[in-house]
Amino acid sequence: MPFPGGELVSEKSILCDMNLFCLGKATATSAMSEKVRTRLEELDDFEEGSQKELLNLTQQDYVNRIEELNQSLKDAWASDQKVKALKIVIQCSKLLSDTSVIQFYPSKFVLITDILDTFGKLVYERIFSMCVDNRSVLPDHFSPENVNDTAKETCLNWFFKIASIRELIPRFYVEASILKCNKFLSKTGISECLPRLTCMIRGIGDPLVSVYARAYLCRVGMEVAPHLKESLNKNFFDFLLTFKQIHGDTVQNQLVVQGVELPSYLPLYSPAMDWIFQCISYHAPEALLTEMMERCKKLGNNALLLNSVMSAFRAEFIATRSMDFIGMIKECDESGFPKDYVNCAEVWVEYTCKHFTKREVNTVLADVIKHMTPDRAFEDSYPQLQSIIKKVIAHFHDFSVLFSVEKFLPFLDMFQKESVRVEVCKCIMEVFIKHQQEPTKDPVILNALLHVCKTMHDSVNALTLEDEKRMLAYLINGFIKMVSFGRDFEQQLSFYVEARSMFCNLEPVLVQLIHSVNRLAMETRKVMKGNHSRKTAAFVRACVAYCFITIPSLVGIFTRLNLYLHSGQVALANQCLSQADAFFKAAISLIPEVPKTINIDGKMRPSESFLLEFLCNFFSTLLIVPDHPEHGVLFLVRELLNVIQDYTWEDNSDDKIRIYTCVLHLLSAMSQETYLYHIDKVDSNDSLYGGDTKFLAENNKLCETVMAQILEHLKTLAKDEALKRQSSLGLSFFNSILAHGDLRNNRLNQLSVNLWHLAQRHGCADTRTMVKTLEYIKKRSKHPDMGHLSELALRLPLQTRT
């Protein structure tokens, strides 16, 4: 059977080829048979175009093409095209001699050796399957004697096909890929091949190509013959002998042509060297490790070698010689493979934080500052410096200890790029908020964190996103909430004054400060049990003034309204009556500025419902606010009613009438002899007027005015599209009169009856609601002094729908 068409050749032909291969002389070449010449030409002439087309591909396209070749190998093998499969493997192996894109070489090595592994597995499984016949199955741990002649001939045929490859690199790789197949031929086949393959590598001139070839041989050798460590050791010592080629002129010229710097080139060796060192050191005796270490020393403590030694050798071996290794590291001074200081510091600082005190941590930080400050080296190492900060704050949850580390704040000063600096400050504040359990007044913490928060605040500008503002405000507010000077309220207020000046661009922070100052005033009231001294009275007035000055600087109109109301309540509780009046007047004067729509979570929504809610709360407060002696009866209520009257309400809106209804509730409560609630030490109008008839007359006059406004609005709803609204509002007004009015008054009684009929007039009322309302009236009429409700109930018929 001819060679190109299949696997088997005659034993005579194999022996002839074997002799020719082993002799390797000119006489043998001149006597080469026509068959061998044909074989060599066929193996050399393998899709040259396919190899060339790989030269100008992008990295991703290159990867895709290699994967296609891997699949083509499997397909060719499955279709019994063994020579084509070998051609593909040779084609791929030749690519490992190409270093035209030198930084891609390690990746290319991985991709192509994957194809070689696939090929080696296919060949081995093919030969193994030929050893199985009807009588016996080859055991896993077989000897060559168990292998039949057909399998042996096929195995030899593969080795001589590979021996016919002209170029060194593909011949080496393809033979190494089927190294395991030597088991079919001889017990000593692998042990004889490994030294020969090791010597073949000496013929590879490029040191990068050479070191990856050695790594592949180590990997295959460890897989098929881990007991043959001597051959692998020889591979390692050969590597050391040729190591100086890395710095030869040929390499330097190649780097100049490709525009690659030595610090970028040397790390390309590390993956291969690490693998070689790991294979040699695996279960190696200490004597061998010591010899390896000494051999490396003789090369001048080369940093590249030392890096791989420390990666591969056993931890125990390195630990017992730690001082020797430190000395070697210290002596290394190689510009091509520099000691990466900041990466080492990044790891070392975590070890220091875990096992040492702040003194040692301070030393490490000082050393980092010393190394990273010259020539502004820190600008190229922000990620590592950030990592160092995170490691430090992750282990120092006591911030009084953290900020007493002398070099911590100077370390922060190295973050001069604003975005990075802000991120670092955010990390610090997040840890503080998470781990600070108790309020603090430690001046070291306060000064440091004010500096950190100021840095975050000052990063805010017109382009800052709202989410970012919210996050910064949350962190600053978390700090403000944790500051407490205990009973030293004046110092606390001074802190809030300073914070206001520092964080004036973040509205949520100003809001928090106003709430904090109001809380401070109420704590003062609590300590004094409501009986202020001259000093505390002056202090709470200072708190009130702080809020009054700060609120106008806020943008959100409902934020201002609610804070005016809240601060007025605090002023009232502390007997600051004129200041409370000022807050309430400010709120009233602000109502006309309320826009028709407001922004809620990025969406524009009608504002009337929010205004209605605010006014209802406001009315509840006005009940207990005493009239100002210079402004007449119910001055604030009148002013508020004027503003409500003049406000431009939405068309088809009934909110104005709902507000007027709430005003009636307020005026009803104000007409009582004793109000429902009071503020301690504050005389409300029930105490001031004591049921004075003039006051009651003014109150009634206001009630009549408001009721007239409600009735006028009900008349405007007598249109088809508004009848349902008229019915609903009429019943609501009826219920307000029922709950708050004196129905023994004939006019009020008759009005309620009219409203009852109005609610049912056009069949828009909810019958079920009407029934329940009437039942309630009848039930109330049985109570003492409520007999007049019986007569009312008789005048409230239920209309049925027809």
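Biologist: Is the crossing of α39 and α40 left-handed or right-handed?

Modeller: The model is a predicted one. In it, helix α39 covers residues 746–760 and helix α40 covers residues 767–780. The crossing of α39 and α40 is left-handed.

Biologist: Are α39 and α40 roughly parallel or roughly antiparallel to each other?

Modeller: Two packed helices are described by the angle between their axes and the distance between the axes. For α39 and α40 the axes lie 11 Å apart, and the angle is about 160°. Because angles over 145 degrees count as roughly antiparallel, the relation of α39 to α40 is roughly antiparallel.

Biologist: Which residues of α40 meet α39, and how many charged residues does the contact have?

Modeller: From α39, the residues Trp-756, Ala-759 and Gln-760 take part, and they meet Met-770, Thr-773 and Leu-774 of α40. By class, this contact has four nonpolar residues and two polar ones, while the number of charged residues is no charged residues.

Biologist: Are α29 and α31 roughly parallel or roughly antiparallel to each other?

Modeller: Helix α29 (residues 507–527) and α31 have axes that come within 10 Å and cross at roughly 10°. Angles under 35 degrees count as roughly parallel. The two helices α29 and α31 are therefore roughly parallel.

Biologist: How do the residues of the contact of α29 with α31 divide into nonpolar, polar and charged?

Modeller: The crossing of α29 past α31 is left-handed. On the α29 side the contact includes Glu-507, His-515, Asn-518 and Arg-525, and on the α31 side it includes Leu-563, His-566 and Val-570. By class, the residues of this contact are seven nonpolar, five polar and two charged.

Biologist: Which helices do the buried residues of α32 pack against?

Modeller: Helix α32 has 14 residues, 577–590, which should span 20 Å at 1.5 Å a residue; the end C-alpha atoms are 20 Å apart, in agreement with that expectation. Among the buried residues of α32 are Phe-583, Phe-584, Ile-588 and Leu-590, together with Asp-581. The helices that the buried residues of α32 pack against are α30, α31, α33 and α34.

Biologist: Is Ile-66 buried or exposed, and which residues does Ile-66 touch?

Modeller: Ile-66 is placed in helix α5, residues 59–78. Its relative accessibility is 2%, and because buried means under 20%, Ile-66 counts as buried. The C-alpha atoms of Ile-66 and Leu-111 are separated by 6.9 Å, although the two residues are 45 residues apart along the chain. Leaving aside residues up to four places away in sequence, Ile-66 touches Leu-95, Leu-111, Ile-112 and Ile-115.

Biologist: What is the separation of the C-alpha atoms of Cys-131 and Asn-146?

Modeller: Cys-131 lies in the loop between α7 and α8, and at 4% relative accessibility Cys-131 counts as buried. Along the chain, Cys-131 and Asn-146 are 15 residues apart, and their C-alpha atoms are separated by 8.1 Å.

Biologist: What is the phi of His-283?

Modeller: Most residues other than glycine have a negative phi. His-283 is in the loop between α15 and α16, where it counts as exposed at 67% relative accessibility. Its phi is a positive value, near 55°.

Biologist: Where is Lys-529 placed?

Modeller: Lys-529 is not a glycine, yet it has a positive phi of about 55°. With a relative accessible area of 69%, Lys-529 is exposed. Its place is in the loop between α29 and α30.

Methods: Residues are numbered from 1 along each chain as its sequence is written. This is a predicted model: local features need pLDDT of at least 70, side-chain atom pairs count only at pLDDT 80 or more; totals for chains, interfaces and linings use all residues. Side-chain values use heavy atoms; hydrogens and water are left out. Helices (H or I, at least four residues) and strands (E, at least two) are DSSP runs, numbered from the N terminus. Buried means under 20% relative accessible area, exposed over 50%, partly exposed in between (1.4 Å probe, protein chains only). Contact means heavy atoms within 4.5 Å. Axes are lines fitted to C-alpha atoms, for helices over the stretch in contact, and angles run from 0 to 180 degrees between N-to-C directions. Angles under 35 degrees count as roughly parallel, over 145 as roughly antiparallel, 65 to 115 as roughly perpendicular and the rest as oblique. A crossing is left-handed if the near helix is turned anticlockwise from the far one by less than a right angle, and right-handed if clockwise. Ala, Val, Leu, Ile, Met, Phe, Trp, Tyr, Cys and Pro count as nonpolar, Asp, Glu, Lys and Arg as charged, and the others, Gly among them, as polar. The expected span of a helix is 1.5 Å times one less than its number of residues.
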